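Hi,

Here is the structure I promised to pass on. Have a look at it first, and then read my notes below.

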Amino acid sequence: MLAAGAALLAASLALPTTALAKERVVFSGGPAGGTFQVVANAIQVYKPIKASKEFRVMAQSSAGSVENLRKVNSGKAQMGVVYSGHVYLGRNGLMKNDTNKYEDVMAVAWLYGAPAQLVVRKGSGIKSTKDLVGKKVGVGNAGSGAFANCELFFNHMGVWDKVERNAMGYNDAAQAFGNNQLDAFWLFTAFPSGAVIMAAQTNDIDLIDLGKDAQESGFFDKYPYFSKLAVPAGTYRGVDYTTPSFQDSALWVANSQVSEDTVYQMLSTIYT
């Protein structure tokens with residue numbers, strides 16, 4: 001029995017260790033139609049990442065920024081995409097209705113600037129956020145950065161409780177908009193957005209000048225982590241004018257317990 005046990009132990013030690021030792025990295029993305037999930041999927045399928053002998057990346061969909069903040073902080077996901085504003089608010093216990101401090105979420109890279117986009121039908125008469133009163137509006141998935149920032153901005157503009165809110169993902173909102181079930185829908189994502197492209201195929205659309213609303217209402221003074229950005233003319237079919245808006249920065253984040261070697265290797269692989 002001792003001899004058999006020794007032989008079994010020797011055989012197990014002789015097995016390749018790379019497969020056993022691979023660090024599992026769950027990368028939390030976002031809802032369908034948003035850029036967060038594009039980032040997560042792209043990192044997972046990138047051949048040099050897949051070829052790593054040290055770690056294995058698994059892209060996982062989520063509601064978006066706020067959920068990712070909580071998942072990464074708890075270790076349910078090792079990495080993810082979170083808006084810089086939520087990293088800041090979460091670290092300082094300033095999230096809406098949430099005084100927890102999310103101190104295990106570490107920024108490892110800046111990814112891109114994500115601007116707010118508000119889509120309406122051409123000729124709808126909606127020229128400003130304030131014109132949404134009484135309208136049916138897609139406001140993003142509950143738990144997403146889009147939803148949280150929509151609530152923040154619409155409350156600032158005094159319309160959050162005066163619109164008929166529909167919490168849904170971008171693609172679902174574009175489809176509902178195309179079926180005349182929504183008067184407008186909100187996005188907080190990089191452009192061009194696949195969902196807006198979809199909406200522009202079935203309707204003539206306009207984008208609302210959110211930059212003007214933000215500037216005139218003092219939004220930038222109250223929330224200085226947002227910066228100005230414009231959606232260029234021609235980004236979407238029929239929108240032949242530049243549309244000022246505001247953006248937050250999408251950050252690649254990691255749980256504080258993820259090894260420094262894994263962070264370094266993933267970043268150096270992606271950025272080279």
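A residue is called buried under 20% relative accessible area, exposed over 50%, and partly exposed in between (1.4 Å probe, protein chains only). By that rule Arg91 is partly exposed, because its relative accessible area is 33%.

Two notes on the source: this is a predicted model, where local features need pLDDT of at least 70, side-chain atom pairs count only at pLDDT 80 or more, and totals for chains, interfaces and linings use all residues. Residues are numbered from 1 along each chain as its sequence is written, and side-chain values use heavy atoms, leaving out hydrogens and water.

Arg91 is part of helix H6 (residues 84-91); helices (H or I, at least four residues) and strands (E, at least two) are DSSP runs, numbered from the N terminus. Its C-alpha atom is 8.4 Å from that of Asp104, 13 residues away along the chain.

Now for the rings. Phe, Tyr and Trp (its six-membered ring) pair if the ring centres lie within 6.5 Å; planes under 30 degrees apart are stacked, over 60 edge-to-face, and the rest tilted. The whole structure has 23 aromatic pairs. One of them joins Trp186 and Phe246, with centres 6.4 Å apart and planes at 50°, so this pair is tilted. Trp186 sits in strand E7 and Phe246 in strand E10 (residues 243-255), so the pair ties together parts 60 residues apart in sequence. Phe188 also forms a tilted pair with Phe246, at 6.2 Å between centres and 50° between planes. Phe188 is buried at 1% relative accessibility, and Phe246 is buried at 0%.

Enjoy exploring!
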